[in-house]
Amino acid sequence: MTTGMTSNRQAGANASALSASTTSLRRSPLQSAITPHHPQWVIIDGMSTAFQFDTKDAERMAALGIADLSFMFRCGLKGPHSVAWLTAQGLPIPQINSWEPLPGGGIIARLGVTEFLIEDSAGDSTAKQLADALKTRPDGVYPVLRQDASFAVTGAFLQTLLRQTCAMNFNVLDLSTRPLALTSMVGVQVLVIPSELNEQPLYRVWFDGTYADYLWQTLLGIAGEHGGGPVGLDCLMQKNAMQQNTRQHNSHHLIPQRSAR
């Protein structure tokens, strides 16, 4: 997926470098698995994030790259009045098991009849604002704690990885309907949004952060067999900026793209 981001070099300029002390930061569930690969870190929305691993990031991404996107703030909610409440907040309401883009670059995903996930882009605050509004305890709307690990996976061998690890066939999905899938990946329950970027498949994956090390290491092993591996946020945003033809115009947007149909 491709959900909201900052532009490549601009993100490095706007985000503080990771300091020796990270006690005041949000911590990515994937950080302990990523740290041994010695990436260059930046801080985005209070979370240390792998910005670049080495000069071969683009090469790995072309084959099968995996990038940590856990820094994106997200808000979950459900309840019998959730649709009406979100409508009153000015948000689009997706069909069940689909998603819609938000004006600020984030997304809203409908996980069931009355359950929703809202995720900010790096330059958006919709999910933060909704989380604050939920503190007023609106009638019939209940917060759902979201502490997901999240990553994007892309590259020529993505479908090979999915066939080895997932319990469903993503090729049957029509990307023009903006589908999402609740499935399992090597035994871990995941939410997946399939999309395309620069005519290459790019999927966003969310899952319980307690499985972060296991899922990351498992997928990295498969990626390595095909010349892939970890990639930094910088490389992913460069690819997104190429699709948009200008990095500045896309400085805070990296959302799933509809397939050309």
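The legends below describe close-up views of a predicted model. Local features need pLDDT of at least 70, side-chain atom pairs count only at pLDDT 80 or more, and totals for chains, interfaces and linings use all residues. Residues are numbered from 1 along each chain as its sequence is written, and side-chain values use heavy atoms, with hydrogens and water left out.

View 1. Helices (H or I, at least four residues) and strands (E, at least two) are DSSP runs, numbered from the N terminus.

**View 2. The hairpin of β11 and β12.** Strand β11 (residues 181-185) has 4 of its 5 residues buried, so it is largely enclosed by the rest of the structure. Its pairing with strand β12 (residues 188-197) is antiparallel, over 5 bridges; two strands pair if DSSP finds at least two bridges between them. S184 stands opposite Q189 in β12. Between the strands are 2 residues, and V186 in the turn has a positive phi of about 40°.

**View 3. An open sheet of 5 strands.** The strand order is β6-β7-β8-β5-β9, with antiparallel pairing. At the edges are β6 (98-101) and β9 (142-144), each pairing on one side only. β6 and strand β7 (residues 107-110) are joined by 4 bridges, and P101 stands opposite I107 in β7.

**View 4. The salt bridge of R178 and E100.** A salt bridge is a side-chain nitrogen of Lys or Arg within 4 Å of a carboxyl oxygen of Asp or Glu. The closest N and O atoms of R178 and E100 are 2.7 Å apart. R178 lies in the loop between α6 (158-165) and β11, and E100 in strand β6, 78 residues apart. R178 is buried, at 15% relative accessible area, whereas E100 is partly exposed, at 24%.

**View 5. The salt bridge of E119 and R204.** The closest N and O atoms of this pair are 3.2 Å apart. E119 is in strand β8 and R204 in strand β13 (residues 200-208), so the pair ties together parts that are 85 residues apart in sequence. E119 is buried, with a relative accessible area of 0%, and R204 is buried, with a value of 0%.

Technical notes:
Buried means under 20% relative accessible area, exposed over 50%, partly exposed in between (1.4 Å probe, protein chains only).
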